[in-house]
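Hi everyone, thanks for coming. Have a look at the model on the screen, and I'll walk you through a few parts of it.

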Amino acid sequence: MRFTILLVLFGFGGFAQSHLAKGYVHDIDTNQPISYVNISILESSIGTSSDENGRFELEIEDKDLNKQVHLSSLGYLDSIISVVNLIKLDKIFLKAKFEQLDEVVISKKFEERFLVVNPIDEGDLCAGYGTDFRYPWILALYFPYDETYKNTDFLKSVKFYFGNFKNRKSNFRLRIFSVDENGLPHEDLLKESVVVELKKNQRDVDIDISNFNLIFPRHGFYVALEWLYIPYNAQEVTFCLDSKCKKKEKRIRHNPIFSAFCDNEEKFKVAMFVSGVWKFKVANRYKSEDRLIPAISLTLSN
């Protein structure tokens, strides 16, 4: 089966003059480094992630010097600083987010009954989502609540599919979001970072989230894959710049390539976090009206 990879492509060219921003992101209260912070220059096509030690490095063009930088990480308040400060400062601080927990009723989980939501067969996979150059983004699929889930409404696991893209070893982060008044992803439902390591050529990964004791929200929720722009995930590849691949260029791709299935109906809601904001976005298969739906399924339990 032939697969198409949809890449997030932005303008790419040589820098007339560039400035190197490098430093660390730390917790303002504990002074501990914060790993995998999403660092995006607003209204631009560049960004990066901090690594497992909180370190980041980003090359910035002259034309972006007057812009602002959006920093976000699970468990921390979003922060916006100027590009100039990003270049000047060798340490940036974020403040932890302390949330008042809603009153909840604890019920016992039996895990005797299971239900798979959005089951996917490998034969359904038709394309993939990948990344190009230096822009960190998050891709999310909405799961609406259905009354048939009421007897199995604990979230047991999330499964991502990677088809036959023969990914290298790579890390990505699982994100689960509530829904805002506009129907877009809102607050993190996972209160700690879940970073998943994908093995070489691994075709799917089923992530156990039962320890979080999450009940399927009645307003639905989003499951998302966050690409991490860290050296471990970087791979130099050759991209075709025209339909016949006569023009080629070597660029850096950040793994993994994430599978999608094709559907021509409007029943699926897909959102993308890019340049510091969430927006509805679903791609179409090349020269087709089929929509590329992120290949994610859930397992529920009682």
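Let's start with an open sheet of four strands, ordered 9-24-12-16 and paired in the antiparallel sense. Strands here are DSSP runs of E with at least two residues, and helices are runs of H or I with at least four residues, both numbered from the N terminus. Two strands pair if DSSP finds at least two bridges between them. At the edges sit strand 9 (114–117) and strand 16 (204–208), each pairing on one side only. On average, neighbouring strands of this sheet are turned by 20 degrees against each other, direction ignored; the axes behind that value are lines fitted to C-alpha atoms.

Some housekeeping before I go on. This is a predicted model, where local features need pLDDT of at least 70 and side-chain atom pairs count only at pLDDT 80 or more, while totals for chains, interfaces and linings use all residues. Residues are numbered from 1 along each chain as its sequence is written, and side-chain values use heavy atoms, with hydrogens and water left out.

Back to the sheet. Strand 9 is joined to strand 24 (residues 296–301) by four bridges, in the antiparallel sense, and Val116 has Thr299 of strand 24 as its bridge partner. Strand 24 also holds Leu300. Is Leu300 buried or exposed? Leu300 is buried, because its relative accessible area is 0%, and buried means under 20% with a 1.4 Å probe, protein chains only. Leaving out residues up to four places away in sequence, Leu300 touches, among others, Phe114, Leu115, Tyr149, Phe154 and Phe216; a contact means heavy atoms within 4.5 Å. Ser210 lies 90 residues from Leu300 in sequence, yet their C-alpha atoms are 9.3 Å apart.

Now the aromatics. How many aromatic pairs are there? The count is 16, where rings of Phe, Tyr and Trp (its six-membered ring) pair if their centres lie within 6.5 Å, with planes under 30 degrees apart called stacked, over 60 edge-to-face and the rest tilted. Tyr145 and Tyr149 are edge-to-face, because their planes stand at 85 degrees, with ring centres 5.9 Å apart. Tyr145 is buried at 16% relative accessible area, and Tyr149 is buried at 12%. Phe160 and Phe258 also make an edge-to-face pair, with centres 5.6 Å apart and planes at 65 degrees. That pair links distant parts of the chain: Phe160 is in strand 12 (residues 154–161) and Phe258 in strand 20 (residues 258–263), 98 residues apart. Both Phe160 and Phe258 are buried. They belong to one aromatic cluster, together with Tyr129, Trp137, Phe162, Phe172 and Trp227.

To finish, the whole chain. It has one helix and 24 strands, and 51% of its 302 residues count as buried. Among contacts with a separation of 6 or more, 75% come from residues 24 or more positions apart. Thanks, and I'm happy to take questions!

Definitions and conventions:
Buried < 20%, exposed > 50% of the residue type's maximum accessible area, 1.4 Å probe, protein only. Axes fitted to C-alpha atoms, helices over the stretch in contact; angles between N-to-C directions.
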